[in-house]
Amino acid sequence: WKQLVAPSKARNIIIVAHSYGGVVTMALAQSAQDDFLNRVKGVFFTDSVHFSLTKSADLNGHLVKISKNYVTSEKPVATLIKSSSNDVARYSAGHKVHEWTSWSCQDTIFQQIKSTLN
């Protein structure tokens, strides 16, 4: 983050992460809190295994607001599975196999990225 993202001029950053990438994203959010609050506009997980958010209430509120986690489920893509005020909302990825969740919900995620940036 410090070498690539922080020095860039990008003002609207979107993160897409699969599985353990959720844990990495939470660690990045914690270490670059100001950047996350000001520049990260969307976080889209596919079957993230993050076990918690961060230690910052402000940052957690931001993450809950701008993030979605598409999880293994046979329900149609984007069906709300679980919403919470203290974690990223979970939506169906439209597939019951962990390794296929990114592929299964990619069109939905790209549509949401476009919507977020417009």
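Guide: What follows is a set of questions about terms and the values behind them.

Guide: This is a predicted model, in which local features need pLDDT of at least 70 and side-chain atom pairs count only at pLDDT 80 or more, while totals for chains, interfaces and linings use all residues. Residues are numbered from 1 along each chain as its sequence is written, and side-chain values use heavy atoms, with hydrogens and water left out.

Visitor: Why is R39 called buried?

Guide: Buried means under 20% relative accessible area, exposed means over 50%, and partly exposed is in between (1.4 Å probe, protein chains only). R39 has a relative accessible area of 2%, so R39 is buried.

Visitor: What makes R39 and D35 a salt bridge?

Guide: A salt bridge needs a side-chain nitrogen of Lys or Arg within 4 Å of a carboxyl oxygen of Asp or Glu. The closest N and O atoms of R39 and D35 are 3.1 Å apart, so the pair meets the cut-off of 4 Å. Side chains of opposite charge can pair when their charged atoms come close.

Visitor: Where do R39 and D35 lie?

Guide: Both are in helix 2, four residues apart, which is about one turn of the helix. Helix 2 covers residues 33-39. Helices (H or I, at least four residues) and strands (E, at least two) are DSSP runs, numbered from the N terminus.

Visitor: Is D35 buried or exposed?

Guide: D35 has 18% relative accessibility, so D35 counts as buried.

Visitor: What joins the side chains of D35 and W1?

Guide: A polar contact of 2.9 Å joins them. The term stands for a pair of N or O atoms within 3.5 Å; within protein, one must be able to donate a hydrogen and the other to accept it, and residues adjacent in sequence count only if both atoms are side-chain atoms.

Visitor: How many salt bridges does the structure hold?

Guide: The structure holds three salt bridges. One of them joins K96 and E74, with the closest N and O atoms 3.6 Å apart. K96 lies in the loop between strand 5 (89-92) and helix 4, and E74 in the loop between strand 3 (67-71) and strand 4 (80-82), so the pair ties together parts that are 22 residues apart in sequence. K96 and E74 are exposed.

Visitor: What makes a group of residues a nonpolar core?

Guide: A nonpolar core is a set of buried Ala, Val, Leu, Ile, Met, Phe, Trp, Tyr and Cys residues joined through side-chain atoms within 4.5 Å. The largest nonpolar core here has 15 residues, and I15, M26, F36, V40, V43, F45 and L63 touch the most other members. Strand 1 (13-18), helix 1 (21-31), strand 2 (40-46) and helix 3 (57-66) each supply at least two residues of this core. A second, separate core has eight residues, including F44, Y70, Y91 and C105.

Visitor: Which residues is F36 in contact with, leaving aside its neighbours within four places in sequence?

Guide: Contact means heavy atoms within 4.5 Å. On those terms F36 is in contact with W1, I15, T25, L28, A29, L59, H62 and L63.

Visitor: Is I113 buried or exposed?

Guide: I113 counts as buried, at 13% relative accessibility. I113 lies in helix 4 (residues 101-117). Leaving aside neighbours within four places in sequence, I113 is in contact with I14, V16 and F44. I113 and G42 are 71 residues apart in sequence and 7.3 Å apart in space, C-alpha to C-alpha.

Visitor: Why is V24 called partly exposed?

Guide: V24 has a relative accessible area of 41%, which falls between 20% and 50% and is therefore partly exposed. V24 is found in helix 1.
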